[in-house]
Amino acid sequence: CVGFRVRTRFRVIGASESLLSVTEPQDRGSLCVKQFSDQEQKLQRLCVGEQCQCMTAACASYRGTIDSTLTADKRTEETCKPNIKYAYKVTVKSSAAEGDFMTYTATVDEVLKNSEEFEAVRVRTEVELVKKATCSGVDLQNNKQYLVMGSQGSEVNHNNQLKYRIPLDSEALVELWQTDCSSPECEDYIFQLKKLCSGPAAVRL
């Protein structure tokens, strides 16, 4: 985590987020660019061994029921927003409590959207979805499928094995991928999701 102070001299309307760039002096090829705003945001540190990343203290958005207003076009627009860096269909395999966090091990079934920082994540890649233990509203269950999208994640080397960790914080969205359908509404919902997987949102940035 990087901390710094920002002093407000004038308050204006319509202020946009700024970019913060951090580089390692001994490694000219390393560059991390993140957006930040002057809005107060609580962060928590998420670590694997000595490698850490920051995640916001707020919980991810969660959709556990069918929303008939979400058409394929609306889903494509949502997925293709610039701040969304990845979108995966995953199957949760197991879960474990880690202090203040819950970690879900999942397998990627479909890659709907990827960026360069996630280019190593492909079909059958194992990822770890991490949420705060207090985020009870984000209800993930083993052997269930979910649509997961967001703006940040990390690749960590733990015991000589690469792990891909995705924080389920305020910058992420999780949606239950319905599989057992007995109504026309549910069947249409599944059709819209399948259309999303084969549509223009299935891209690599």
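View 1. Arg63 has its place in strand β5. The model shown here, as in every view below, is predicted. Which residues does Arg63 touch, not counting residues up to four places away in sequence? They are Leu70, Arg75, Glu78, Leu173, Val174, Glu175 and Leu176. Strand β5 covers residues 61-63.

**View 2. A salt bridge between Glu78 and Arg63.** Glu78 and Arg63 form a salt bridge, and their closest N and O atoms are 2.6 Å apart. This pair links distant parts of the chain. Glu78 belongs to helix α1, which spans residues 72-79, while Arg63 belongs to strand β5. The two are 15 residues apart. Is Glu78 buried or exposed? Glu78 counts as buried because its relative accessibility is 17%, and the cut-off for buried is under 20%.

**View 3. A salt bridge between Glu175 and Arg63.** The side chains of Glu175 and Arg63 meet in a salt bridge, at 3.2 Å from N to O. Here too, distant parts of the chain are linked: Glu175 lies in strand β12, Arg63 lies in strand β5, and 112 residues separate them. Both Glu175 and Arg63 are buried. The side chains of Arg63 and Glu175 are also joined by a polar contact of 3.2 Å. Take the two views together: Arg63, Glu78 and Glu175 are linked in a network of salt bridges.

View 4. Strand β12 runs over residues 173-176. Which way do its residues point? Leu173 and Glu175 point one way, and Val174 and Leu176 point the other way. All four names in that list are buried. The general rule is that in a regular strand the side chains alternate between the two faces of the sheet.

**View 5. The pairing partners of strand β12.** Strands β5 and β12 pair in the parallel sense, over 3 bridges. Look for Ser61: its bridge partner in β12 is Leu173. Strand β9, residues 145-150, pairs with β12 in the antiparallel sense. That pairing has 4 bridges. Look for Val148: its bridge partner in β12 is Val174.

View 6. Arg165 forms a salt bridge with Glu128. How far apart are the closest N and O atoms? They are 2.7 Å apart. The pair links distant parts of the chain. A search of the whole structure finds 4 salt bridges.

View 7. Strand β7 is mostly covered, with 11 of its 14 residues buried. Strand β6, residues 86-98, pairs with β7 in the antiparallel sense over 11 bridges. The hairpin of β6 and β7 has 2 residues between the strands. In this hairpin, Gly99 takes a positive phi near 65°. Strands β7 and β8 run antiparallel and are joined by 7 bridges. There, Thr107 has Glu126 as its bridge partner in β8.

View 8. Arg122 is found in the loop between β7 (101-114) and β8 (126-132). Is Arg122 buried or exposed? Arg122 counts as exposed because its relative accessibility is 58%, and exposed means over 50%. Leaving aside neighbours within four places in sequence, Arg122 is in contact with Val108 and Val111. Arg122 and Val108 are 14 residues apart in sequence. In space they are 6.8 Å apart, C-alpha to C-alpha.

**View 9. A nonpolar patch on the surface.** Leu19, Leu31 and Val33 make a nonpolar surface patch of about 310 Å². Leu31 is found in strand β2, residues 27-36. Leu31 is exposed, with a relative accessible area of 60%.

**View 10. The whole chain.** The protein chain has 2 helices and 13 strands. Of its 205 residues, 38% count as buried. The accessible surface comes to about 13000 Å², and 45% of this belongs to carbon and sulfur atoms. Among contacts between residues at least 6 apart in sequence, 62% join residues at least 24 apart.

Definitions and conventions
Residues numbered from 1 in each chain as written. Predicted model: local features only at pLDDT ≥ 70, side-chain atom pairs only at ≥ 80, totals over all residues. Heavy atoms only, no water. Patch = residues over 30% accessible without salt bridge, like charges linked within 9 Å, V, L, I, M, F, W, Y side chains within 5 Å. Areas by Shrake-Rupley, 256 points an atom, 1.4 Å probe, with all protein chains shown as cover. Buried < 20%, exposed > 50% of the residue type's maximum accessible area, 1.4 Å probe, protein only. Pairing = 2+ DSSP bridges. Polar contact = N/O pair within 3.5 Å; in protein donor to acceptor, adjacent residues only side chain to side chain. Contact = heavy atoms within 4.5 Å.
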